[in-house]
Amino acid sequence: MSSGRNGSTDESARTRSAPTSDETEGSSSGRGLRLWFDSWAARPLHDFQTLVGVTLLLVVLGLMMVLSSSSVESLLSLGSPYARFVPQLLYAVVGLVIFVAVVRLPTTVLRRGAPWFLGFAFVLLILVLIPGIGSEVYGAQSWIFIGSVSFQPSEVAKVALVIWTAHMVATAAERRVDVHRVLRPIGAVSFTVLAMVVLQRDLGTAVTIAIIVMAVLWFGRFHARIVAAMAAAGVLGIAIFTATVGYRSDRIRAFLNPDVDPQGINYQATQAKYALANGGLFGQGLGQSNSKWSYLPQAYNDFIFAIIGEELGLVGALLVIGLFAAVLWVGLRVALRSTDPFLRMLSAVATMWIVLQAFINIAYVVGLLPVTGLQLPLISAGGTSMLTTLLMFGLIAHAAYREPEARVSLDSSTSPRLVTRIFGRPRVGAAPRPVRAPKIRRPARPDPTARGTRSAESRTARQARGRAEPRTTDTTGRPAGRRRTPKTTSR
């Protein structure tokens with residue numbers, strides 16, 4: 001009886017412990033998917049190819065949404081539904097050319113040109129503050145118009161600041177000195193750029209510069225108390241800057257009281273929420289937005305994410321968020337895999353700038369943050385923003401193209417020809433000359449072939465030395481010769 005119970009117990013235990021066919025198939029499929037992803041991510045050019053693909057997807061999606069969201073407003077104000085789309089398309093083409101050119105540049109060219117680029121940005125920041133040269137748009141004097149072309153010098157300053165700060169931190173790492181020695185020049189330059197942007201009354205760019213500085217301090221491995229102090233100072237400065245200007249304080253009041261004055265200070269935020277709610281899960285369809293019919297201000301610029309949510313639904317909104325999450329993953333992966341400290345800092349800071357700006361824009365569109373005026377990178381309309389953002393994507397791709405595994409793969413005979421034809425061979429630049437050790441003079445060894453022969457010079461020197469030294473005699477009167485050491489014999 002007991003044996004039967006034991007047998008049944010053992011059988012039931014084996015039955016419980018044995019996995020079912022569904023569990024086996026599920027675990028094997030999950031393991032196979034993970035192995036496939038690991039092998040896919042382990043390819044030498046994985047980071048570079050993924051970044052190029054994500055960049056092209058964001059550019060195409062941005063052009064499509066700019067055309068859809070700006071067609072009505074462009075037709076009413078400019079007489080053509082393509083009035084804003086065509087310039088954006090031209091800027092995208094020029095930006096992609098800049099993207100390829102930045103990838104092809106040697107790294108030493110970027111580092112040598114960093115101080116000159118920063119000086120050029122300072123000149124532009126000064127010029128935009130001069131009345132008659134700089135122009136005021138939406139309350140900020142941050143634009144320079146040259147004929148029909150306009151640009152923001154603050155966008156150029158952001159790129160220059162990223163490259164120069166990465167160069168300074170990398171220089172300290174290469175010379176093996178304490179990184180805090182470059183804190184003063186980095187702090188002075190960053191404060192000067194931020195002050196000049198504040199004078200332009202451009203809050204969005206000031207927030208972006210604060211993000212860049214914090215990323216430099218964090219990835220440069222400065223002391224935590226320095227990072228905390230700079231963060232506190234930045235938050236306090238932005239709060240003071242916001243509270244001292246009327247329309248910015250209205251944005252804070254609108255954020256804190258979202259139900260107050262829906263036709264006044266909360267009008268834009270309320271219309272953005274209506275657009276997102278109208279989209280549902282799959283959206284109203286591309287080009288079928290109702291908010292772009294003069295209901296939502298800046299539908300093609302700052303609030304373009306609301307149009308994406310209305311026309312493409314939750315699926316389209318999650319697609320945009322997923323693309324920027326992929327940028328974050330690939331950019332930080334490039335920073336971890338880079339052996340050059342300059343490329344490591346460059347990719348990390350550029351990635352944080354792009355991703356944090358995107359998520360700040362999405363956050364204030366959905367009502368999680370007050371409106372700051374930051375654009376959605378590569379998707380919002382804007383020529384200067386398109387050019388500078390593609391340049392920053394090019395800097396991350398520049399670092400990904402020079403990963404150790406990628407360089408070995410591209411130098412081999414099996415490298416993809418299309419990639420090398422477009423982006424060339426990865427060039428870091430002229431290799432630094434190795435430091436030569438000081439020469440130590442050693443006495444010359446005697447020539448073994450000259451044994452048994454004496455030079456005339458040495459013979460003459462010995463004869464002269466012999467004549468100069470007096471000869472001594474022993475007690476017997478015989479001249480003393482060389483003393484012979486007696487041989488010791490062991491008995």
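I started with leucine 376, and I looked up its contacts (heavy atoms within 4.5 Å) beyond the neighbours within four places in sequence: Ile304, Phe305, Val320, Phe324, Ala358, Asn361 and Ile362. A word on what I am reading: this is a predicted model, where local features need pLDDT of at least 70, side-chain atom pairs count only at pLDDT 80 or more, and totals for chains, interfaces and linings use all residues. Residues are numbered from 1 along each chain as its sequence is written, and side-chain values use heavy atoms, with hydrogens and water left out.

Leu376 also turned up in the largest nonpolar core, which has 109 residues; Phe48, Leu58, Leu376, Ile379 and Met392 touch the most other members. Helix H13 (residues 341-366) gives the largest share of this core, 15 residues. I noted what such a core is: a set of buried Ala, Val, Leu, Ile, Met, Phe, Trp, Tyr and Cys residues joined through side-chain atoms within 4.5 Å. Buried means under 20% relative accessible area, exposed over 50%, and partly exposed in between (1.4 Å probe, protein chains only). In soluble globular proteins, nonpolar side chains tend to be buried together.

**The whole chain**

I then stepped back to the protein chain, which has 17 helices and three strands. These are DSSP runs numbered from the N terminus (helices H or I, at least four residues; strands E, at least two). Of the 491 residues, 41% are buried. Among contacts with a separation of 6 or more, 70% join residues 24 or more positions apart.

How do H5 and H6 cross? I found that the axes of H5 (residues 107-128) and H6 (residues 153-174) come within 8 Å and cross at roughly 145°. Axes here are lines fitted to C-alpha atoms, for helices over the stretch in contact, and angles run from 0 to 180 degrees between N-to-C directions. The crossing of H5 and H6 is left-handed, a term for the near helix being turned anticlockwise from the far one by less than a right angle (right-handed if clockwise). Their contact has 19 nonpolar, three polar and two charged residues. For these classes, Ala, Val, Leu, Ile, Met, Phe, Trp, Tyr, Cys and Pro count as nonpolar, Asp, Glu, Lys and Arg as charged, and the others, Gly among them, as polar.

On H6 I picked out histidine 167. It is buried, with a relative accessible area of 17%. Apart from neighbours within four places in sequence, histidine 167 is in contact with Arg111, Ala114 and Phe342.

Next came H6 with H7 (residues 183-199): their axes are 11 Å apart and the packing angle is about 175°. That makes H6 roughly antiparallel to H7; angles over 145 degrees get that name, under 35 are roughly parallel, 65 to 115 roughly perpendicular, and the rest oblique. Among the residues making this contact are Trp164 and Met168 of H6 and Ile186 and Val193 of H7. By class I read 10 nonpolar, three polar and no charged.

**H11 and H12**

H11 (residues 267-279) and H12 (residues 304-337) pack at about 20°, with axes 6 Å apart. That makes H11 roughly parallel to H12. The contact uses Ala272, Ala275, Leu276, Asn278 and Gly279 of H11, and Phe305, Ala306, Gly309, Glu310 and Gly313 of H12. These divide into five nonpolar, four polar and one charged.

Is glycine 279 buried or exposed? At 6% relative accessibility, glycine 279 counts as buried. Not counting residues up to four places away in sequence, glycine 279 touches Gln284, Gly309, Glu310 and Gly313.

**Loops**

Most residues other than glycine have a negative phi, and most peptide bonds are trans. Arginine 176 lies in the loop between H6 and H7 and is exposed at 79% relative accessibility. Leucine 378 sits in the loop between H13 and H14 (383-400) and is buried at 2%.

My last stop was leucine 129, in the loop between H5 and strand S1 (134-137). At 28% relative accessibility, leucine 129 counts as partly exposed. Leucine 129 and leucine 199 are 70 residues apart in sequence and 7.8 Å apart in space, C-alpha to C-alpha.
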